[in-house]
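Please read it alongside the sequence and the structure shown here.

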Amino acid sequence: MDDHRIFGQVISPAASHVSTVLSAVKLAFGKESCVLEEVLFSRTLVLSESSFRKVQLILTPQNSEIFAFRLISCGEHDDDSSESSWITHVSGQLRVDLTPQPPSLKEKGEQDKNSPLRSGEGSGVGFYANLHQAGYKLGTAFQWGQEFWQGEKEALCRIEKPDLPDSADDYQLYPGLLDTCFQLLSSFWGVKASELTGSSDLYVPFSISELKFYKRPDPNAVLWCHAKRASDKQNAGELCLFDDNGNIFAEVSGFEFKTANRQALFQSNDAEWKNWLYYLTPQPPSLKGNGERDKNSPLRFGEGLGEGWLIFADNGGIGKELAAQLRALGHEAVSVFQNDSSNIQELLKQRAWHGIVHLWHLDLNESNSYLPLFSALHLIQTLARSASKLKLWIVTQGVYSETTANPFSCFQAPVWGLARTLALEHPDISCVCADLPVSDPNNVQNLLHEILTSDGENEITWRNGIRHAFRLERFKPKSTLHFTLCTLHCTYLISGGFGALGIRTARWLADQGARHLMLVGRGSPSDHARKQISEMEQSGVKVLMIQADVSDKEDISGVFRQIRTTMPALRGIIHAAGVIDDAVLLRQDENRLKSVMKPKVDGSWNLHLLTQDMKLDFFVCYSSVASLLGSPGQGNYAAANAFMDALMRYRRAMGLPATSIQWGAWSETGMAAELNEQHQHRLTEQGMGAIAPEQGMAILGQLLCEEIAEAAVIPVDWSKYLKNFPQIPLLSEFVVKETQASSAIFARRLETMPKADRRASVSEFVRLQVAAVLKLKSAEKIRLRERLFDAGMDSLMAVELRNHLSAELEKPLPATLVFDYPTVEALSNYLCREVLMLESEHAETIQNSENISELPSPLRGGAGGGVSTDADMDSLLNDIAQKSDSDLLKELRGGK
């Protein structure tokens, strides 16, 4: 179904409904031929990647010859015992095995495929490109049309089977094949598909008067579909499906399209998006499964730990007192202050440290707001490159405070986003984030207890002296509220207002009645943006466009001066500005961090300072789910959005309006929509769905009615997501515990193999993992000595590959693994030699041979063998790894 999207949403097409009925006829009655009559497509079946719908087809006998049918569905969380929970998507009636033998093409007078309509001839590529522009995104399963001929009243299409995700033999009429026939009727729409670009309306199937299905076609044959425009109705026509020999398989008459507004199309999604809402909440760790610690137990230096503690100490005294208490317990502790010139790499080499406590964020102020984050990044990179087993504690203060903490606590929040990304990119690095209360005499004692004991939690705070751990929970919105604007003489400002998401938000505000909008952006509006703005102005909305950098205090102050002098009072702000500069943590640097953080951090801070004394109805920040879950390759983006989340919590604590919406990916607009197809496919594989603009705007309206500082919008399939990423306590509510057989882990399978087979198995295993990460159908396409980055791998995939290999081998692997060993051959050699120690096993196998002369000649050393050095052995093993089992067996038998 992922191959059939309309405006980014997965839609079960009308052709699939019809195909389901045809298959049901075959299953229920053992017959192929049938007639469907008075078919009505009453409601769109919108599908989600984050939840499922129960679908049923009901056949009800009307008399001995006719059956009524209904295809209905209900949501995953709906009460399926209640009739009101079920939605009817298609209905009609059918007659079984009553159709006469199909007439020939000549009898019907159909257009012969050998004399095609020559006007409007075109390829399938151009045809589907036009549909794509209009909002119909069809994958290969729904692209059977190879050539199209379109006339004023007729159209013809040559149909051939493309590569399919499943077998066409499992269907009476494959949905994509039938849909291709329906697509041909787009020739008779009131407008061309290419002219629908940017329109809020689209054409969808409405009804079929009659569909005669004679017999199942051979899906591997060349097929043809002929369409005729209806003489009595606009947007309607007839279809005939036949093959090269003139055999007719199906006929459709009275097929009618209708225009539908996008909002109406997705109306069945209202209940769905309410299941996408989440919020972060601190909870006391439960006794069950979390190993609750006894505060009366002695704090002792654990067995097998390192020699001491490295403390990046604050100037306020917490780090100093922590070091003193550690020493009093017999631990060694070394303190490093921000003004020290110590080299991190040299410090780590001094001894086998047990752990590192980073407290520099506690010294943060307006003049050094980025420095603690930079130091944390450099520390993380050093640990990752050294493959260190050290445990890292990152300490902040007041980031998650319930009171009006120091406003500069907000500037400590970005490191939480960075750490959450670290957990995904480098799950072997144990990192705990701990947020201390602003003023608590027990801070040092609580922190001491935290670092000396462990229960697996990695995000900690304290409330009223009680330790809490963070959890993501579902947020249940109030169903009775409806957001309304104060529209009379009010101005609403949107930063990032020239971007696709900013423009979509502006249109929504206009639809709610806003009459004065201020759009702010760094660049110039695109032609599309200007067109949208012009349409709003024509509807009576005054739109003022200003080029200004929201992160520049002077620039944005000028914007506010203009509002005061030329526009009504400002009553609402939506901060949608943002940029991305993706890179894995090892390739992040200070410039990349700053460039992404400025519009989010400096921009939202400037807007806060300029409006904190104003009477606003709302102040909304468009944040990202990356700030909560982390995002591989987007540590800087996660950090930037974490600041806005903290700022909104701070404003709420001050009694000011504030809402941070941590959006997931949008389907047609926003940064995720601009990703290439490979990256979008990766998101889908990871279980992440997409938010349609109509859904996003409905969610915005809902959250503006809620008394909540932050909420996440995550259309996600948790079972898929948690299979792709390390399981963290934050998401424990969504973990479905499955007992994984030990044999499923490659390391366990390797142990059961004969020693002589292990090296070749590792090489094949690595190839399969590479192919999986690159989304290749066959591992054979990966050559052993081909550079993986030449084969399409990027740095994010390299991290993904390293994590997969580490999990399957049950061994920690260096963060730079794929960069250091960039071919399957080099990677396999390293794993065998340095990680799995298979070289010694191979040598043992040779030594245990009773007679070296019995070994195949390539394995004998000396003049006749050629394996006398490690390099020779590596070369030989590489050659062996590249040969098939049959070739190896032939050589071992002396070429026989």
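## Overall make-up

The chain has 28 helices and 30 strands, where helices (H or I, at least four residues) and strands (E, at least two) are DSSP runs, numbered from the N terminus. This is a predicted model, in which local features need pLDDT of at least 70 and side-chain atom pairs count only at pLDDT 80 or more, while totals for chains, interfaces and linings use all residues. Residues are numbered from 1 along each chain as its sequence is written, and side-chain values use heavy atoms, with hydrogens and water left out.

Of the 896 residues, 54% count as buried; buried means under 20% relative accessible area, exposed over 50%, and partly exposed in between (1.4 Å probe, protein chains only). Among contacts (heavy atoms within 4.5 Å) with a separation of 6 or more, 74% are between residues 24 or more positions apart.

Strands of a sheet pair through backbone hydrogen bonds, either parallel or antiparallel. Two strands are taken to pair if DSSP finds at least two bridges between them.

Strand β2 (residues 9–12) runs antiparallel to β4 and is joined to β4 by 3 bridges. Within this pairing, V10 is placed opposite L47 of β4.

## Strand β11 and its partners

Strand β11 (residues 154–159) is mostly covered, with 5 of its 6 residues buried. Strand β10 (residues 145–150) is antiparallel to β11, and 5 bridges connect the two. The pair forms a hairpin, with 3 residues between β10 and β11. W149 has L156 in β11 as its bridge partner.

β11 also pairs with strand β13 (residues 223–229), again in antiparallel fashion, through 6 bridges. Here the bridge partner of I159 is L223 in β13.

## Helices α1 and α4

The axes of helix α1 (residues 14–29) and helix α4 (residues 175–184) come within 8 Å and cross at roughly 130°. Axes are lines fitted to C-alpha atoms, for helices over the stretch in contact, and angles run from 0 to 180 degrees between N-to-C directions. α1 and α4 are therefore oblique to each other, since angles under 35 degrees count as roughly parallel, over 145 as roughly antiparallel, 65 to 115 as roughly perpendicular and the rest as oblique.

The crossing of α1 past α4 is right-handed; a crossing is left-handed if the near helix is turned anticlockwise from the far one by less than a right angle, and right-handed if clockwise. On the α1 side, A14, A15, S16, V18 and S19 meet P175, L178, D179 and F182 of α4. By class, this contact has 6 nonpolar, 2 polar and 1 charged residues, with Ala, Val, Leu, Ile, Met, Phe, Trp, Tyr, Cys and Pro counted as nonpolar, Asp, Glu, Lys and Arg as charged, and the others, Gly among them, as polar.

## Helices α9 and α15

Helix α9 (residues 371–385) and helix α15 (residues 590–611) have axes that come within 10 Å and cross at roughly 135°. α9 and α15 are therefore oblique to each other, and α9 passes α15 in a right-handed crossing.

L373, F374, L377 and H378 of α9 meet E590, L593, K594 and M597 of α15. The contact of α9 with α15 comprises 5 nonpolar, 1 polar and 2 charged residues.
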